[in-house]
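Let's take a walk through this protein together. Have a look at the model first, and then we'll go from its overall layout to its inside and its charged pairs.

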Amino acid sequence: MVSEVQDIEQSLTILFSTRPGERVMRLDYGSALDDLVFEPANTSLITYIKDLIKKAILYYEPRVDLQNVEVVPNLNDLLEGRVLIVLDLVVRTTNTRFNYVFDYYSREATIKPQ
C-alpha cells in the first residue's frame, strides 16, 4: 500500500502506459503514447506528446496541477526509441511540488539467456 506522492506516481505510470480502450468500464481512460512508437522524432511529435500528457492529466488525475511538461530526447537514446517525459506537478491537497519522470521507452522483447 502506498499513499500521497507514491500513489500519484503509480497512477501516472498506469495512465501513461494504458491504451485508450484497454480498460473495460472506462474505454476512454489512458493515453495514446503507444501509437507513437514508430513516428519520426521531430518537433511536431514532441508537441503532440506534450498535448497528450496534458490532456491525460487534466481528465484523469484530479489530485495534481500540472506546472510544466518537458519532453527530453537524447540523440543517442532517440535512435533507440527512448524519450524522457519530465513533469513538474503540485499536489492539490498539500500544495507540495514534485517532479515525475516517465521513461517512454519501447523496445522489442528479447529472450534472456539463462
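Predicted model: local features only at pLDDT ≥ 70, side-chain atom pairs only at ≥ 80, totals over all residues.

Helices (H or I, at least four residues) and strands (E, at least two) are DSSP runs, numbered from the N terminus. Residues are numbered from 1 along each chain as its sequence is written, and side-chain values use heavy atoms, with hydrogens and water left out.

Now for the inside. A nonpolar core is a set of buried Ala, Val, Leu, Ile, Met, Phe, Trp, Tyr and Cys residues joined through side-chain atoms within 4.5 Å. Buried means under 20% relative accessible area, exposed over 50%, and partly exposed in between (1.4 Å probe, protein chains only). The largest such core here has 26 residues, and α2 gives the most to it, with 7 residues.

What about charges? A salt bridge is a side-chain nitrogen of Lys or Arg within 4 Å of a carboxyl oxygen of Asp or Glu, and the count comes to 5. In one of them, the side chains of Arg-92 and Asp-65 meet at 2.6 Å, N to O. Arg-92 sits in the loop between β2 and β3 and Asp-65 in strand β1, so this pair ties together parts that are 27 residues apart in sequence. Glu-61 also pairs with Arg-63; Glu-61 counts as buried at 3% relative accessibility, whereas Arg-63 is partly exposed at 30%.
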